[in-house]
Amino acid sequence: FERRAKMKKLSHSQYGVLVKKAQQGDTSAFATLYAATIEIQLYFATTFLKDASLAEDAVHEVYISLFKNLDRITNGSLFIAYLRRICYNTCVDFRKKQMRNKYELDEAVLDLQADDDIESSPHDRYAAMEQTNELYRALSTLPDDQRAVFLMRYYDKMKIAEIALAMNISESTVKRYVKQAAESLRKKLSSSSFA
């Protein structure tokens, strides 16, 4: 994506006007929406995915989805919340793909490790991988919002206020989701075979 000059922040009503124009086929209005929001979407995606290149791909998908579904926005003044939700969902999808690829890579690396590694025997590496897989399985059982908040807080090291902004929820809701996710994971993992 091209880097655009920083634009003056638009009000919700200004976004609403631009959305209406874009829905009527005004491509310059869509370009203005893009230019006004691209930087924050890239920031969120990069923070969430921890990979600038992957974040750019995700944000590219965000704006394609936005363009295709622009007519679904019935209240243009809620454009930012709508865009945040698309970006969040897209990043979650990209994260799932990332995890699947990581599993495949971990298995390939395990196969290539030398058997004479005294510090980490194949049995120990397999046990560690099983623990990681058990954690991912437990995470996958959480509701989407809880899982996303938990990952943002502990994997991405985001602050409560940053998570609230990214998810368009209150800080107290973020704290509640983190607590619920932690309790759920503790129960699931304490009953697993390696706990």
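Biologist: Which charged end sits over the ring of Phe 48?
Modeller: That is Arg 95, with its charged end 4.7 Å from the ring centre. A charge is said to sit over a ring if NZ of Lys or CZ of Arg is within 6 Å of the ring centre and within 35 degrees of the ring normal.

Biologist: Before we go on, what kind of model is this?
Modeller: It's a predicted model, where local features need pLDDT of at least 70, side-chain atom pairs count only at pLDDT 80 or more, and totals for chains, interfaces and linings use all residues. Residues are numbered from 1 along each chain as its sequence is written, and side-chain values use heavy atoms, leaving out hydrogens and water.

Biologist: Thanks. Back to rings: how many aromatic pairs are there?
Modeller: The structure has four aromatic pairs. One of them is Phe 44 with Phe 48: the ring centres are 5.7 Å apart and the planes are at 35°, so this pair is tilted. Rings of Phe, Tyr and Trp (its six-membered ring) pair if their centres lie within 6.5 Å; planes under 30 degrees apart count as stacked, over 60 as edge-to-face and the rest as tilted.

Biologist: And where do Phe 44 and Phe 48 lie?
Modeller: Both are in helix α2, residues 27-49, and they are four residues apart, about one turn of the helix. Helices (H or I, at least four residues) and strands (E, at least two) are DSSP runs, numbered from the N terminus.

Biologist: Is Phe 44 buried or exposed?
Modeller: Phe 44 counts as buried, at 8% relative accessibility. Phe 48 is buried too, at 1%. The cut-offs are under 20% relative accessible area for buried, over 50% for exposed, and partly exposed in between (1.4 Å probe, protein chains only).

Biologist: Zooming out, how many helices and strands does the protein chain have?
Modeller: The protein chain has eight helices and zero strands. Of its 195 residues, 37% are buried.

Biologist: What share of the contacts comes from residues 24 or more positions apart?
Modeller: Among contacts in the protein chain with a separation of 6 or more, those residues account for 62%. Contact here means heavy atoms within 4.5 Å.

Biologist: Let's look at two helices, then. At roughly what angle do the axes of α6 and α8 cross?
Modeller: Helix α6 (residues 144-155) and helix α8 (residues 171-190) cross at roughly 95°, with their axes coming within 8 Å. The two are therefore roughly perpendicular to each other. Axes are lines fitted to C-alpha atoms, for helices over the stretch in contact, and angles run from 0 to 180 degrees between N-to-C directions. Under 35 degrees counts as roughly parallel, over 145 as roughly antiparallel, 65 to 115 as roughly perpendicular and the rest as oblique.

Biologist: Which residues meet there?
Modeller: On the α6 side they include Val 149, Phe 150 and Tyr 154, and on the α8 side they include Tyr 177, Ala 181 and Leu 185. By class, the contact of α6 with α8 has nine nonpolar, two polar and two charged residues. Ala, Val, Leu, Ile, Met, Phe, Trp, Tyr, Cys and Pro count as nonpolar, Asp, Glu, Lys and Arg as charged, and the others, Gly among them, as polar.

Biologist: Where is Leu 142 found?
Modeller: Leu 142 is in the loop between α5 (122-140) and α6. It is buried, with a relative accessible area of 4%.

Biologist: What is Leu 142 in contact with?
Modeller: Leaving aside neighbours within four places in sequence, Leu 142 contacts Arg 147, Ala 181, Ser 184 and Leu 185. Leu 142 and Gln 180 are 38 residues apart in sequence and 9.3 Å apart in space, C-alpha to C-alpha.

Biologist: New topic: what about the phi of Lys 50?
Modeller: Lys 50 has a positive phi of about 55°, although it is not a glycine. Lys 50 lies in the loop between α2 and α3 and counts as partly exposed at 48% relative accessibility.

Biologist: And the phi of Asn 168?
Modeller: Asn 168 also isn't a glycine, and its phi is positive, near 60°. Asn 168 sits in the loop between α7 (160-167) and α8, and at 43% relative accessibility it counts as partly exposed.
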